[in-house]
Amino acid sequence: MNDRMKELAESVLRLSRSQLVVNLRYLDTAIHSLNARPTDVMKTIGTNGRAVYYSPRCILSIYKQNQNFPARKYLHCVFHCVFRHFFVNPQIDRRIWNLACDLAVENVLLEAGLDCIGLDSDDKRLSELRHLKNKVKYFSAEHLYRYLLENDENIDALEPLFRQDEHEGWYAPDLFEVSDSNGSPSADGLPVWKISTLEKQWKEISEKMQLDLESFSKQHGDKNGSLIQNLKEVNREKYDYTAFLKKFAVYGEAMKINDEEFDYIFYTYGLKLYQKMPLIEPLEYKDVKRIKEFVIAIDTSGSVSGETVQAFVQKTYNILKQEESFFSKINLHIIQCDAKIQEHIRITSQEEFDRYLKTMQIRGLGGTDFRPVFRLVDQMIENKEFRNLKGMIYFTDGNGTFPKHQPDYQTAIVFIDDEDNHYDVPVWAIKLVLRKEEIE
């Protein structure tokens, strides 16, 4: 690329950035966190969270077509960073994820209604978005991704209509190279990139944006509804259910060498002195944290689907059966309840658990009352059916009636929710809110 082309493209993007900052003050920090860097690697424009990389030739070409084009593409890249779309799971379907992210971003941009980013083809985009909104309630990349995976949409037609940038840098962060006027990598380059630092930076930016938009929503009007929804989705605290479940572990004796209490000096000295006769043997037993007695209660009032319940039980089982989390003999009770106890199954081995999962049926579909389960567990404790019950997990997706008094064991209420509902639990209960995708 020649110097004149680079200078003109840089001027175009500088003007575009200024327009965006003037019209979207809440994006000031985000826009200025990304430097615009020319590169020969890409054909259009794209980002990996560190900078916006662009082809000077492309920028000048699209600017000639429509002066709003560069600003639109640049803002599109900025919102990918704000929503942290480039932090992807390696197992994700890249094509579907790319489209879901583009749909979410373009919806936010069109909802903003800014003249400086308007394009002639936006009417067609709005028509397609209205069609999708009739099917997808929450228009974030995560929900769109799940919908597109499970439903038949014309992806071939949607991709070129909503694609504004290149996403290769999401999956290969070091793909883009910064070049000087001679086409060689520049000397200054970029600082060493650490994904944790980058993620923290954009997390702070998006959380500040969310706070600003919610605090001054009246000033900004209703045009930012999708933007706030996407910010809530990406900034929602995500829970590690595996780590959470292990908090219910109890100490028990397991057949495992206790290396911490084994003295190798006496052991090797005995072998040397008496030939194959150590002075001390390793202890066979070691106290490890394993779940032995546990209760899984399931709300079957009708609002939690059978597939989701089975997925939750399966996920809980997968965690429990890990070597460090499961005794060979267990005392696990699975209780289904709506307004009354519908089923009570006792599991004493992994084999019984496997058989139960194969034949599991949801029973109930009445009202929601948590108290019968607590009464049943209290009665089992009184009858010595539990020796050392550590806790109970109650799986539900709605509010119900709790007992007035705190039980003698830890209780976690796990809500399944794709909305931002606020559930009330007693002060003695642990509340955990999971999304379907975090379970399934």
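Predicted model: local features only at pLDDT ≥ 70, side-chain atom pairs only at ≥ 80, totals over all residues.
Residues are numbered from 1 along each chain as its sequence is written. Local features need pLDDT of at least 70 and side-chain atom pairs count only at pLDDT 80 or more, while totals for chains, interfaces and linings use all residues; side-chain values use heavy atoms, with hydrogens and water left out.

Visitor: How many helices and strands does the protein chain have?
Guide: Helices (H or I, at least four residues) and strands (E, at least two) are DSSP runs, numbered from the N terminus. By that rule, the protein chain has 18 helices and 10 strands.

Visitor: What percentage of the 440 residues counts as buried?
Guide: Buried means under 20% relative accessible area, exposed means over 50%, and partly exposed lies in between (1.4 Å probe, protein chains only). Of the 440 residues in the protein chain, the buried share is 49%.

Visitor: What percentage of contacts with a separation of 6 or more joins residues 24 or more positions apart?
Guide: A contact means heavy atoms within 4.5 Å. Among contacts in the protein chain with a separation of 6 or more, residues 24 or more positions apart account for 70%.

Visitor: How many aromatic pairs does the structure hold?
Guide: Rings of Phe, Tyr and Trp (its six-membered ring) pair if their centres lie within 6.5 Å. Planes under 30 degrees apart count as stacked, over 60 as edge-to-face, and the rest as tilted. The number of aromatic pairs is 10.

Visitor: Is the pair of Phe374 and Tyr394 stacked or edge-to-face?
Guide: The ring centres of Phe374 and Tyr394 are 6.5 Å apart, with 25° between the planes. The pair links distant parts of the chain, since Phe374 is in helix 17 (residues 371–382) and Tyr394 in strand 8 (residues 391–396), 20 residues apart. Phe374 is buried at 2% relative accessible area, and Tyr394 is buried at 1%. The planes make this pair stacked.

Visitor: Which kind of pair do Phe374 and Trp428 form?
Guide: Trp428 is buried, at 15% relative accessible area. Phe374 lies in helix 17 and Trp428 in the loop between strand 9 (410–416) and strand 10 (430–434), so the pair ties together parts 54 residues apart in sequence. The ring centres of Phe374 and Trp428 are 5.8 Å apart and the planes stand at 80°, so the pair is edge-to-face.

Visitor: Which residues do ring pairs link into a cluster with Phe374?
Guide: Phe374 pairs with Tyr394 and also with Trp428. Ring pairs link Phe374 into a cluster with Phe370, Tyr394, Phe402 and Trp428.

Visitor: Where does Phe395 lie, and which residue has its C-alpha 6.1 Å away?
Guide: Phe395 is in strand 8. Phe395 counts as buried, at 0% relative accessibility. The residue whose C-alpha lies 6.1 Å from that of Phe395, 98 residues apart along the chain, is Ala297.

Visitor: Which residues does Leu129 touch, not counting residues up to four places away in sequence?
Guide: Leu129 lies in helix 6 (residues 122–133) and is buried, at 2% relative accessible area. The C-alpha atoms of Leu129 and Asn107 are 7.1 Å apart, though the two are separated by 22 residues along the chain. Leu129 touches Leu103, Asn107, Leu110, Phe139 and Phe162.

Visitor: Is Lys384 buried or exposed?
Guide: Lys384 sits in the loop between helix 17 and strand 8. Its phi is positive, about 65°, although Lys384 is not a glycine. With a relative accessible area of 70%, Lys384 is exposed.

Visitor: Is Arg84 buried or exposed?
Guide: Arg84 is in the loop between helix 4 (69–82) and helix 5 (94–112). Phi of Arg84 is positive too, near 55°, in a residue other than glycine. At 10% relative accessibility, Arg84 is buried.

Visitor: How many residues of helix 7 are buried?
Guide: Helix 7 (residues 141–150) is mostly covered. Its buried residues include His143, Tyr145 and Arg146.
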